[in-house]
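Trainee: Hey, could you walk me through this one? I'm new to it and would like to start with single residues before the overall picture.

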Amino acid sequence: ITETLKDAFTVNGFQFMEPMTFTLILGIVELLLGVLLIIGLLTRITAFLSASFALCYLLAVMVWGSQDPMSLVLLGASVVLIITGGGSMSLDYLLKA
């Protein structure tokens, strides 16, 4: 599996990034996005980025043939937050007032 991942990150002999490093960076970014969504800071931007992650994950899972309904839930929840915003309990609302 490791060689397959390395091949996915290699184009014309140039390796963009080690797969484990890339995975670690994505995990940290997703954790930060989750924290921002929980506290309601930059809600629409954060929801857009979360929707982008969910869509990429969903497409990757479809290519590999696996079924994961949680990516659809995350995508749907992110789209709702993009449309509605964080609401009156978010830091966005409190900072605007």
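Predicted model: local features only at pLDDT ≥ 70, side-chain atom pairs only at ≥ 80, totals over all residues.

Trainee: Okay, back to Thr43. Buried or exposed?

Mentor: Thr43 counts as buried because its relative accessibility is 2%. The cut-offs are under 20% relative accessible area for buried, over 50% for exposed, and partly exposed in between, with a 1.4 Å probe and protein chains only.

Trainee: And what does Thr43 touch?

Mentor: Not counting residues up to four places away in sequence, Thr43 touches Leu37, Leu81, Gly85, Gly86, Ser90 and Asp92. Contact means heavy atoms within 4.5 Å.

Trainee: Where does Leu42 sit?

Mentor: Leu42 is in the loop between α2 and α3. It has a positive phi of about 55° although it is not a glycine. At 46% relative accessibility, Leu42 counts as partly exposed.

Trainee: Which residues does Ile39 touch?

Mentor: Ser90 and Leu91, leaving out residues up to four places away in sequence. Ile39 and Ser90 are 51 residues apart in sequence and 6.2 Å apart in space, C-alpha to C-alpha.

Trainee: Now zoom out for me. How many helices and strands are there?

Mentor: The protein chain has five helices and two strands. Starting at the N terminus, the order is α-β-β-α-α-α-α.

Trainee: How much of the chain is buried?

Mentor: Buried residues make up 18% of the 97 residues. As for contacts between residues at least 6 apart in sequence, 49% join residues at least 24 apart.

Trainee: Got it. How do α3 and α4 pack?

Mentor: They pack at an angle of about 155°, with their axes 8 Å apart. That makes α3 roughly antiparallel to α4. The axes are lines fitted to C-alpha atoms, for helices over the stretch in contact, and angles run from 0 to 180 degrees between N-to-C directions. Angles under 35 degrees count as roughly parallel, over 145 as roughly antiparallel, 65 to 115 as roughly perpendicular and the rest as oblique.

Trainee: Which residues make that contact?

Mentor: Among them are Thr43, Ala47, Ser50 and Leu58 of α3, along with Leu74, Ser78 and Leu81 of α4. By class, the contact of α3 with α4 has 13 nonpolar, five polar and one charged residues. Here Ala, Val, Leu, Ile, Met, Phe, Trp, Tyr, Cys and Pro count as nonpolar, Asp, Glu, Lys and Arg as charged, and the others, Gly among them, as polar.

Trainee: And at what angle do α2 and α3 pack?

Mentor: About 140°, with their axes 9 Å apart. That makes α2 oblique to α3. The contact includes Leu33 and Leu37 of α2, and Thr43, Ala47 and Ser50 of α3. Its residues divide into eight nonpolar, three polar and one charged.

Trainee: You've mentioned Ser50 in both. What is it in contact with?

Mentor: Leaving aside neighbours within four places in sequence, Ser50 is in contact with Leu33, Leu37, Leu74 and Ser78. Ser50 is in helix α3 and is buried, with a relative accessible area of 7%.

Trainee: Last one: where is Ala77?

Mentor: Ala77 is in helix α4, and it is partly exposed, with a relative accessible area of 40%. Ala77 and Ala47 are 30 residues apart in sequence and 8.3 Å apart in space, C-alpha to C-alpha.

Key: Residues numbered from 1 in each chain as written. Heavy atoms only, no water. Helix = DSSP H or I, 4+ residues; strand = E, 2+ residues; numbered from the N terminus.
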